[in-house]
Structures are given as C-alpha cells and as structure tokens.
Amino acid sequence: MNDTLSPAVFTFCTLLALPAISAAAAAPGDQTLIREARAQRDARQWSQAIQLFSLGERRFPGQPAFAYGHIMTLADAGRLHDAIERGKALVALRPDDPDAHLALAYAYGRHAAPYAALEQASQAYSLAPERPYVVRAYVLAQQDAGLPQSALRLANAHPGLMNPAQTRSLQADAAAQLVRAAMTASRGEANRYALADQALATYEKLIPEWDALGPPARADADRARADRLQALSARRRPRELVAAYETMRAEGRPVPAYVLDDVASAYLALRQPEKAEPLFRQSLESQAVQPQTAAHLQSEIGLFYALTESDPTLDKQQQFNQEAESIPVWIYHKGDPVRYPNAVKLDAALAGAMATLYSGRTRQAQEQLDAMVELAPNNSQLRTARAQVYRARGLPRHAEADLQIAQTQDPRSIRVVQEQASTALMLNEPNEADPLIDDLLARAPEDPAVQRLAEDRDIARKAELQVTGGYGATNDSPVLGSHELSIESTLYSPPVTDHWRVFAGTGYSQAEFEDGNAHLAWARAGAQWRSRDITAQAEVSANRFGFGTLAGAAVSAQYALDDHWQIGAEAALKSRDTPLKALRHDITSNRFGVAVRWHGDERREWSLAVFPSYFSDGNRRIEVEVSGRQRLYTTPRVRMDALLELSGSHNSADDAPYFNPKSDFTALPMLEVVHTLYQRYDTRWEQRFLAGAGLYSQQDHGSGALYQIGYGQNFRYARNFEVGVLLTGTSRPYDGQRERDFRIAVSMTYRF
C-alpha cells in the first residue's frame, strides 16, 4: 500500500523550505553569493554549487546559511555520508538553531533514514514552533516517517500551511494507514473492522470531493479508489470490492499492482477462479524482483487456490514444498546479532501442507502438519489447519481436540470458530454449532467461508428424499430369479428438534421364478435420532406379498466409541431381507444383527457383521460378513482402492423352497478405480470401475470361480442433489450351475 512518502518526495518537499531558511539567515551583503549558489543548485550543478557554498562559509563564517546550503547540496550530490557528518557537526555547534536541525533532517531524508530525519525536524519544531516553514518541514517529516495521522492533525491546526496537493496527500496517507491497521492480523477482530469502517467512511467523503476538483486531483482520487479496495478486503466485502474494481476498469482508471491480490481474492471468494487467476499472475509478475517475501507467497497461495478451484486435478504440492525448502528459517538484520524466525517460512510450509491435502494426499498432509505442530504447539493457525485435515480424513474428534487447544490461544479467531462449527455439524451437534455460526454471521457476514458454513447448516435442516432402484437380468437364478425389479423411496423430514427427524417410505420388488412370480410391497414410517455418538431409528411397516398385509417393525442403533471404532445392532420383525421366493411360499423371517466397524481413516476401514435369521418354516440361518477397504493410489483426479468381501452362511434346514445351502462361503477381492471427470466447487462428476475375481464354495456342490466387473457414474450438484448409476456383471456358480447376472442399480438423494 502506498501510504507514505518516499525519501525523494520528502526531499522535494523540504526544498520548498530552503529559500526561507537561506533568506532568513543571510545578511544583505551576502545575497549575491547566496543567489548564485542557489542558482547552481537549482540547475543541478552540484560541484559548482558546493564550491560556492564552501566559499561562502570561508568568507562569511558568521552566516550559517552557507553551511545549510552546503549540507543539503552534498546530500543532493549523493555524498550522503559527508552531508550527515557536516550536519551533525553543525547541530553540535548550533544546538539551538532550528535551521541547523532542518539541514541535518534533509540529509537524513536523502539517506532514506526517515526516523532520524523526523527526530531532527522534531527538534527544530520544539525550538521554533511559530515559524511556518519549520512546522511545514515537521509535518512532512512525520508523513515520510509513516505518521500521517499526526501530520494531518498538525497541518489542520495551521490552516493554509500546506498547499492543496500536500493536504490531499496527507489525507490519503492517513486513510491508507487506517486500512493497513485494519489488515493487521494481530489486532482484535472488532478493532480491525472498526478501523476498516472508519477508512471506508473517509473514502466516501474524500472521493466525491476530489472528483469535483477535476484534473488537479485526479491522481489522488484514483489512489483513494484503489486504497478503498483494500479497505473493502479488510472488511470482507468481496461483492462490493469486485463491483468497485470493475467500475474502475470501465472508467479507464489505473489499478495499481498492490491491490491485485485483494481483487483476485475477492473474485475467488465469489467463486470466479477464472477471473482471479490472471490477477494473481499479474501480481506475481509485479513482485518478480522480490521472491521469498510474504507478498510474493500470498500471491502464490492465491494462484494455487484459483487453479485448484478452476481445475481440481492440478497438483501443485511439489511446487509449494520446493518453495518452502528454499526459504530460510531465520532472518538476520544488519548490525543485529539476534536472529529472528522467518514468518514467510511458516506460511510457505503451511501452504505446502494444504496443497498436499487438496491434491488428495491426506496422510502426507497430516504428517507435514504433525511435524509443524510438534515444533510450534501453541500456534493456533497450525492447530486449525490440522483440524481441517482431520475432518477430511473422517476424524472429527481428533479435530475437536486440536480446536480446543487453538481456542485457548485465540478464542475469537474466525477460522478457529469456523472449524469448531464445522466439526460440530459433522458430529451431529447442532446445539453446539448454531451459536457459533450465529456469532460468525454477526461478525463476518460477507466472509465466504462463513457463508458456506451457514449453507452447511441450512442443508442439515432440510428435508431429504432418498430413492434407490435396481433391475437384474439373470438366467433364472434360484436366488434372484429373473427380471428382478426393485424400487424404494424414503422421505425424511427436516429436524423436528436438534436430534430427531421422522420419516416415511414405500417400496416394491418382484422377480420371476420357475414356479411363478413373487413380489413384495411395503410402506413404513418411523423416527430417527442423530447425536454425537449415537444414530438410532425405529419404524413400523405394512408388508404385502400375496397373503394379506402383515405388520412389521425394525430398530437399529450405531454407537461411535471414538473416531476409529463403532458398534451397532439391529432387529427386524417381518424382515424385508427375506428372500422373495420364500415370501412367495408364505415364509417370513425375523432378522437380527450385530456389527463392529474399524475406521482407520478415509483410506482404510474394516467391518465385521453377524446376522442370525429365524424363518417361519423353522429354518435358522446365520450369516457372517467381513469387508475391508485399503487405498492404493491417489492423485487429484484418480483414486484406487483394494476391496475385500468375505461372507459365509449356515442354514439348519436341509430342504426349503428357497435357495438354502447347508453352508457356503464367498471370497471376492476387487479393485475399484474412481476417476473424476469434472469438478467445480460442490459439483462433481465421477466414473467408477470395478473388477474382481474370487471364489464361491457351496457344501455338496464344490467350489467355483467368481468374477465381477462393474462400471458406474455419480453426479453431485451443489450438495443438494446426488444421483448415481452402477452396471455390474457377475458370473458365479449356484448349486453347481454357473449363472450370469447383469444388474443396474440407481440411487438418488435430494435435499429441499
């Protein structure tokens, strides 16, 4: 942000005071030499001017004006060391002379030492506060030292002291200082917003006034418009920022490089990455001579996010890691033996870890953040970032533990509170999430991350329709029959309370067998409870399969012991899992089950389930299922998992009118490849490939090979709608005869 005058500008402004200094100090007999020396200086003939000032000092040792001119001309000529040394000697000789202090201030100003210049200008002001040129020099010295607020107050206390251009410069610098303070993360959030609002109010007043002045004030008005963009960024108002930027472009006004990151970030917040990308690139080009700076890194991070959002398959992890490695850990200042930690190093390392996360390498991202948290356990930013990784890995309780520590370190941080609310929603704790989200909406209503969080809450409060269906074509399978068709729909209400919702559903299935057709129609209704550790539901149903309507009931519950272990149980009277061929013969079953699931993370999990069933014909069946998943390969576009399904059953009855082997066993290892065809924010289109080869063994009928292939697609739109289709082909033996089954399964979820 261009909120201070450069030393060159300070020098130019101080030149305005030189005639007054010289004229006040010189006697009438010395005017000719003074005028000639000044003329040479004005003509930038430094050597001749220095000779004349030096001659004046020798001829008229009692006239200090020659010493002032000599010092300032030495500074003009680039002989800064000589100028400062002469200035120091003059101040030591004439400590009560304000003009001596101003001459030394001038030399310091040309030496890019604004604070030393301010010290001398302050001394001059304390000695002669009634002299206008001294006050003016003091005002300009404060401005050059980055104190425009104080400079403006002093200038306002002396009307007419500054010309209109200088006054506008002071006003612009003062407003820009407010913006810079509003963008300082170490300040409290409420304080930063108050400062941004104050700056915006100032710009609302100044810009119309300067526009009315026409061409003389055009550059100042353009600068104010640019700085106002940064104020809008600090206040997190991306829509207003983008509108103001586009107006500037339409009017042909210049847009300085220092605001490009803010404009690009606003476009990114509004989900327009294609417009953000070129702006981040322009910003990087403008900083090309200053690599490894905080500004350069922020542009790199912004560009990464823009590219990720416009093309999520892009992998920039290696670039960020290389950049982080090239940045030094410590900063050394000339003349200071103390070394200081390099904040840019941490920012680059954190950006690299998040780039790793977005590339799909969640385990590596966690390892990177684990190492950083170990080195800096009290850094809330690192804790919050690791919590985000934990949530991505399906470990919300791990995230919660990190956020509790981060909260003690930075309790009002928007990002900490945001992650806490997201974690609470993931844990089905709306009573915990609601006050956090309401607080964020009150504090940062324009923040895109806060708005997305509010959308997550709104989605959780919506009604939900789930529809599944399938059709199978087999060669008269004793298990599935032929031309099997099934469809089921369930409608869940919006939450009735924080944890309860009710549901109702209906469904139908049918199949053709050698001895006739079978069908089942049902309707059901119930209630579901969802909380932090428990998900449970109970239902009653009406079931019709050709022998009247029978009432049924079912209950189920799952309890999460922690992020890794979950146990569950279920029971169903008149179970809908009863084979259709059994129902055709008026045989029903009651089914029970217990299960345990181990979830290592999003890359691996195993489950074990045992299901006893009691048929009305006296048969007792027990089924055991083991399933597992292990990630093998991950890129931003493709992921590959190894799947394993093991199952077995045992039946007590030797003879039944439905498929009822004494015992059987299935082992089916498979590979699953999921390929992302398109992704933009919450909209994703994927295709899925399945291939497996295993074994099916049936008592009294031997064993045979089992093959399965599959292809499917899944489309999700805006988190409110998702639809998927899967085609599978299976070849396996039943009762010693090989059968082929071709199936299509469709599923849809819609929230409204």
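Colleague: Is Asp 99 buried or exposed in this predicted model?
Modeller: In this predicted model, local features need pLDDT of at least 70 and side-chain atom pairs count only at pLDDT 80 or more, while totals for chains, interfaces and linings use all residues. Residues are numbered from 1 along each chain as its sequence is written, and side-chain values use heavy atoms, with hydrogens and water left out. Buried means under 20% relative accessible area, exposed over 50% and partly exposed in between, with a 1.4 Å probe and protein chains only. Because its relative accessibility is 5%, Asp 99 counts as buried.

Colleague: Which helix holds Asp 99?
Modeller: Helices are DSSP runs (H or I, at least four residues), numbered from the N terminus. The run that covers residues 98-110 contains Asp 99, and this run is helix α7.

Colleague: What is the pLDDT average of the protein chain?
Modeller: The predictor's confidence in each residue, pLDDT, runs from 0 to 100. Over residues 2-28 it stays under 50, and where pLDDT is low, the predicted coordinates should not be read in detail. Of the residues in the protein chain, 92% score at least 70, and the average is 89.

Colleague: At roughly what angle do the axes of α23 and α24 cross?
Modeller: Axes are lines fitted to C-alpha atoms, for helices over the stretch in contact (heavy atoms within 4.5 Å), and angles run from 0 to 180 degrees between N-to-C directions. Residues of α23, including Ile 414, Val 417 and Leu 425, meet residues of α24, among them Leu 436, Ile 437 and Leu 440. Helix α23 (residues 414-426) and helix α24 (residues 430-443) have axes that come within 8 Å and cross at roughly 145°.

Colleague: How many residues of α9 and α11 in their contact are charged?
Modeller: The axes of helix α9 (residues 132-144) and α11 come within 11 Å and cross at roughly 35°. Their contact is made by Val 139, Leu 140 and Gln 143 of α9 with Gln 166, Ser 169, Leu 170 and Asp 173 of α11. Counting Ala, Val, Leu, Ile, Met, Phe, Trp, Tyr, Cys and Pro as nonpolar, Asp, Glu, Lys and Arg as charged, and the others, Gly among them, as polar, these residues divide into three nonpolar, three polar and one charged.

Methods. Helix = DSSP H or I, 4+ residues; strand = E, 2+ residues; numbered from the N terminus.
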